[in-house]
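Please read the following report alongside the sequence and the coordinates. It starts with charge and then turns to fold and surface.

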Amino acid sequence: MALYLAKRACGLAIVLMVMSFIVFLLQSVIPSDPARAMAGPYAPSSTIETVREEFGLNDPIAVQYGHFLVRVSAGDLGKSVRTRQPVGDDLLRYLPATLELILVSTILAMGLAFSLILLLLSGARSQVLRHVFIALGSTPIILLAVLLAYVFWFSLAWLPGSGRLQFRDFVGTTGFYVIDGLLAGRPNVSVDALAHLTLPAMALALPFAVAVVRSLAGSLHDVMRQPYIRTARGNGLSEAAIVLRHGIRNAASAPLAMTGLQIRLLFGNLLVVETVFGWPGLGLYMTQSFATADLPAILGVSMVFGTIYILVSIAVEIAQSLADPRIEL
Amino acid sequence: MQANPSDVVGRAARFRLGVFLVGLLMALLALAMPAYAEEILRIPYAIDIGTFDPDNGFEVDGIGAVNNVYEGLVEYAPGSTQIVGLLAKRWEISNDGLSYTFHLEDGVKFHDGTALTAQAVVGSFKRRRDGGLVLSYMLGNAADISAPDDATVVIRLKQPQPSFLDALASAWGPKVISPVALTEHDKSDKATNWLGEHAVGTGPFKLAEFKRGERYVLERNADYWGERPYFDKIEIPVVPDIGQQILKLKAGELDVVPTNFSFAQLSHLPAELEVTAVPSMTQYALFIKPRSPLDNPEIRRAILSAINPSLWVKDVFGPYAELSKSAYQNLMLDPADPIEYPSDIDAAKAAIAKLGDVNVVMGLHSTKATYARISDRLIVQLAQIGVKATAHVLPPGAAFALKGDPNAPDALLTIASPDAAHPENQARAFFTKDAPLNFYGSSLPGADAIVDVAGTKTDVAERNALYEKAGRLYVDAGHVIPLVDVKDVVVHAKGLTDLGLRPAFPLGNIDFATVRWAR
């Protein structure tokens, strides 16, 4: 395990380096000029040149990348072109909202997946509900987000449609408002934070859950035809016990891999969902940074997402190994 | 036991007195309630404010908030392009046009309680000019900025610039920042870091909360030297999605959708909403690539016949736009000889048929729906005369990289609006050889020479005639095709009035100092 973790840590460093280099290369092919975005369209070329010099944008890409690596090794991700603040500070400001959303949507996705599995196992009466779930999960994320907002916020007024919290005076210690509310002895803050989380988390969780369930259903279908399942049936075990004890465990590898994949897709979906729901997280920060070609900010978010993804991949691989001992780490 | 009649009378009197006092108290409370109820305006921003530093960022949506916290020497009067005093109550311009003397208002205080002095103005203006900040160019022609006394500021220019007052009145013009704040927070960075998220100006509102990605809150400056604003507080949530903004307005969670409301939806708004539309400096125009098919005057004439805006302006904008009369916005310059589009479609068809296949590729400056609606109409119109036109949205920032690009589209559909309401700003921004927004780098030395002369004239009629002449040359040479001037359209809850929209400001920039509910 230690060797595996050490290998993966080295892999993480290499992946982040390659990814950051790709983002740097993108800068040389995209037409956007951060200096122009910063100084405005009317600024004369002399001003643009000054800004480019200040941010080192006139240096060759390789030199800029070298400077970036030196800065990163000292924990400095540079300064955002758009906010003029250190990118590290910006990331710390936006990260808790995104992590809280990812966490809640993952929990929700698992809950939905479990419910769907139960529906799948419960027979023909659940077909309509099953198809509704699948239709919702297959809807493009932007439509799903808008639909959820329209129905549950605008039409029914059951849940808030944007923002993170209605208590404007509240300042949390961790940045995770659900936890902060409890820590501060204000459960109403936690409830409100959960209410605000529900729709964006639902938009992220639905496609996630459906994909995992589809994968699990396929695997389970094959596993339930294996000889050892017939043996278990022959031994008089109940169908539920067979599925839970032998079926799901042996079928877990593919859905676990799908979970890792879905978490990667989740980062892309975050950009859409956070924009639709005005969720002040890294997705919104990234979207706004694209418009101003704010490379340091884009790079910073990419590094965070890349790190989270690799950590999730490690967790998934460990889980796969635990579920199926044939898979070695 | 029988009650004493005098006790009964006393109890009754006390009861009546009690009822009277309770009634009086309730009446007083009722009277007092409106006075103490906080008036809050809720207006969304689609994108975050990058920086609140008035000298170091080019904010578009957020400039309204910046301009309600900071003030400059002069401003455009709401609803017009007339320049009026703000922190300067009056000013004089020397006969040689080089020296501007401003006399400051009395009794002005910064939000930190310190008094406005001429030295503070000098300090702020020098910070902008010399601090390496991105908006320094607006004071680039200022040779010297001085304060002969506490209430007078003198700016001496390097060369005459009749548009200088417009530069000062521009939405991005120089503002005055508290010298105490500048000194306290200068970490060898001209306080740019601190001023990115904090503010100490003299304006009618103070920056009370700056929470990126979530909201900004402005609170009324109780010690404001000018007229007291109606609203106590301005809440500005960040709502990136226009669909969400509209739903929130309809749900009563917002009072205004300042920009980007679909023109198609304006004619059937719910009864509780209304539109305020005023003329603006937003001119949609086509900039033409040199050596494109449109370089051929015959093709250009045919194309002009087909894309004649009078054929589609109502379809796209309803009553909220008018035909552009020149290369300048109609509000900025009313030309003596307005542009007239040819209208002989048959002749256009014949010309194109004679020339063979004509293909035109249009680049759209942004993903904004209006660009697509205009380009759709243009494509259909051009198809009628046999021109095959296509359009695609350019990636962000790509419009600024078209110069010398052989793969650039034949024409760029963009909004040509200057940073101030002076024809000099329009010509120098879009048309002259080194103009930053001369997208294709076109050059017409004869027209540029006329702009040079016009830029020295103080007589408005004389200067306008020269700018019009130069503008006509740019149009006739096929550098630009002005299309339509579009109004600034704000959708808001019924009863909101005095929005204070300024034509030379970016769209939807409500003046929080003037806006109020009509009672």
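In this predicted model, chain A carries 22 positive and 19 negative side chains, the centres of the two sets lying 12 Å apart; Lys and Arg count as positive and Asp and Glu as negative, while His and the chain ends are not counted, and each charge is placed at NZ of Lys, CZ of Arg, CG of Asp or CD of Glu.

Chain A has 14 helices and 0 strands, where helices (H or I, at least four residues) and strands (E, at least two) are DSSP runs numbered from the N terminus. Further values for the chain are tabulated here.

| Property of chain A | Value |
|---|---|
| Span of the C-alpha trace along its principal axes | about 85 × 50 × 40 Å |
| Buried share of the 329 residues | 48% |

Buried means under 20% relative accessible area, exposed over 50%, and partly exposed in between; areas come from the Shrake-Rupley method with a 1.4 Å probe, and for residues only the protein chains shown count as cover.

In helix 1 (residues 2-29) of chain A lies A:I22, which is partly exposed, with a relative accessible area of 48%. Together with A:I14, A:V18, A:L26, A:V29 and A:I30, A:I22 makes a nonpolar surface patch of about 550 Å².

Residues are numbered from 1 along each chain as its sequence is written, and chains are lettered from A and ligands numbered from 1 in the order in which they are written. Local features need pLDDT of at least 70, side-chain atom pairs count only at pLDDT 80 or more, and totals for chains, interfaces and linings use all residues, while side-chain values use heavy atoms, with hydrogens and water left out.

Methods:
Patch = residues over 30% accessible without salt bridge, like charges linked within 9 Å, V, L, I, M, F, W, Y side chains within 5 Å. Salt bridge = Lys/Arg side-chain N within 4 Å of Asp/Glu carboxyl O. Buried < 20%, exposed > 50% of the residue type's maximum accessible area, 1.4 Å probe, protein only.
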